Amino acid sequence: MTDASAAVATAHPNIALVKYWGKRDEELVLPLADSLSMTLDVFPTTTCVTRCPGAPADAVTMDGRPAAEEVSQRVVRFLDLVRQRSACGDRAVVDTRNTVPVGAGLASSAGGFAALAVAAAAAYGLDLDRSDLSRLARRGSGSAARSVFGGFALWHAPGPHAPDPDAASFAEPLSRVRIDAALVVVLLDTGPKSVSSREAMRRTVATSPLFPAWLASTRLDLRRMRAALEAGDLAAVGEIAERNALGMHSTLESADPPIRYRTGQSDQVLEQVRALRSAGVGCWATMDAGPNVKVLCAGGQAVPVAERLAGATGFPAVIARPGPAAALCPRTGAGR
Ligand code: 2P0
């Protein structure tokens with residue numbers, strides 16, 4: 001144990017270019033396939049964890065208010081994992097500040113659980129390296145495993161015969177990426193989604209007749225995406241990302257009952273992206289568990305692409321570039 005009883009950490013959301021959709025183990029949050037993402041430099045989450053010796057229960061606040069019961073229970077379960085690993089059973093106060101709309105398919109849980117993992121590990125004196133932090137963040141929310149790292153990250157699914165699947169599933173940064181990319185986030189709707197991604201994933205795996213094909217195609221996409229990133233081929237990166245996202249949405253739309261995150265407004269943005277491409281502007285769309293559309297383009301094209309999309313659709317467009325790894329805020333002075 002260190003003597004730090006409080007720690008503050010910040011993390012950013014990430015957007016997958018090859019999506020994670022489907023678990024092989026709900027409890028351990030183990031994916032069925034690898035995924036690959038870009039951590040953003042916008043919408044950070046900052047979380048403070050303070051151990052409270054003698055307190056009877058954890059207390060969780062979000063943006064200054066008591067967190068919803070479901071969120072609070074998820075945070076308490078996560079803290080239980082941290083307590084199991086440390087010599088300390090103290091309850092804690094967790095205060096989270098978001099700058100991203102929560103539950104809107106803008107990856108708030110990725111930044112949120114990455115920040116919580118880093119802050120809680122420091123407050124409870126766990127000596128974890130980055131891979132361990134990624135494994136820990138994964139237990140809160142799968143995509144959080146990737147937000148532990150900045151830039152581009154690949155999250156490994158455990159192999160079918162891995163002797164210790166938990167140990168085998170963590171993210172790592174991709175160091176040989178040779179593209180200069182930005183993601184323009186078109187904010188269509190910042191309200192919470194109707195079906196949580198956790199439930200939507202479960203239903204898709206259990207009922208979608210397209211799921212086996214999705215799994216095979218996303219594994220292939222991952223290999224091609226990695227090669228395209230390392231070759232600096234932005235057009236190939238964009239094409240793979242757009243196809244992968246549309247494939248994921250088709251798969252979940254074929255679940256029983258169907259799950260539909262795409263709206264008419266999403267389709268309008270997709271149409272604008274196609275029109276921009278026809279006019280010679282290299283840009284490609286991706287979408288997550290919500291209607292909002294993120295548009296990949298060259299870093300130098302981000303401002304005109306954002307202006308064109310905002311102008312054509314009337315919705316705000318936020319430019320995101322590759323962002324930093326999750327980190328402790330300096331004033332806590334603990335951990336790594
Ligand atoms: C992703 N999404 O790769 C995919 C694509 C949404 C669409 O990861 O159940 O909050 O907590 O592991 O990570 C959103 O799901 O799900 C997600 P859990 P998570 O970014």
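Two strands count as paired here if DSSP finds at least two bridges between them. Strands themselves are DSSP runs of E with at least two residues, while helices are runs of H or I with at least four, and both are numbered from the N terminus. What you are looking at is a predicted model, where local features need pLDDT of at least 70 and side-chain atom pairs count only at pLDDT 80 or more, although totals for chains, interfaces and linings use all residues. Residues are numbered from 1 along each chain as its sequence is written, and side-chain values use heavy atoms, with hydrogens and water left out.

Start with strand β7 (residues 59-62). Four bridges link β7 to strand β9 (residues 91-98), and the two run parallel. Thr 61 faces Asp 95 in β9. β7 has another partner: two bridges join it to strand β8 (residues 65-66), this time antiparallel, and here Thr 61 stands opposite Pro 66. Strands of a sheet pair through backbone hydrogen bonds, and either direction will do.

β7 and β8 make a hairpin with two residues between them. Most residues other than glycine have a negative phi. Asp 63 is partly exposed, with a relative accessible area of 37%; on this scale buried means under 20%, exposed means over 50% and partly exposed is in between, using a 1.4 Å probe and protein chains only.

Now follow β9 to its other neighbour. β6 (residues 45-52) and β9 pair in the antiparallel sense over eight bridges, with Thr 47 partnered by Thr 96 in β9. β6 also pairs with strand β1 (residues 6-11), through six bridges and again antiparallel. There, Ala 9 stands opposite Thr 47.

Step back to the loop between β5 (35-39) and β6 and you'll find Phe 43. Its phi is near 60°, another positive value in a residue other than glycine. Is Phe 43 buried or exposed? Phe 43 is buried, with a relative accessible area of 12%.

β5 belongs to an open sheet of four strands, in the order β2-β5-β10-β11, with antiparallel pairing. Because β2 and β11 (171-173) stand at the edges with a single partner strand each, one side of each has no neighbour in the sheet. Neighbouring strands of this sheet are turned by 30° against each other on average, direction ignored. Three bridges hold β10 to β11, and Leu 154 has Glu 172 in β11 as its bridge partner.

Next, the rings. The structure holds two aromatic pairs; rings of Phe, Tyr and Trp (its six-membered ring) pair if their centres lie within 6.5 Å, and planes under 30 degrees apart count as stacked, over 60 as edge-to-face and the rest as tilted. In one of the pairs, the ring centres of Tyr 20 and Trp 155 are 4.6 Å apart with the planes at 70°, so this is an edge-to-face pair. Tyr 20 sits in the loop between β2 (14-18) and β3 (23-25) and Trp 155 in strand β10 (residues 152-155), so the pair ties together parts that are 135 residues apart in sequence. Both Tyr 20 and Trp 155 are buried. Elsewhere, Arg 51 lies over the face of Tyr 124, at 5.9 Å from the ring centre; the criterion is NZ of Lys or CZ of Arg within 6 Å of the ring centre and within 35 degrees of the ring normal.

On to two helices. The axes of helix α2 (residues 108-123) and helix α3 (residues 130-140) come within 8 Å and cross at roughly 125°. That makes α2 oblique to α3 (under 35 degrees is roughly parallel, over 145 roughly antiparallel, 65 to 115 roughly perpendicular and the rest oblique).

A cis peptide bond joins Asp 256 to Pro 257, with omega at about -5°.

Finish at another four-stranded open sheet, ordered β13-β14-β12-β15 and paired antiparallel. Five bridges join β13 to strand β14 (residues 293-298), and Thr 286 stands opposite Lys 294 in β14.

Notes. Axes fitted to C-alpha atoms, helices over the stretch in contact; angles between N-to-C directions.
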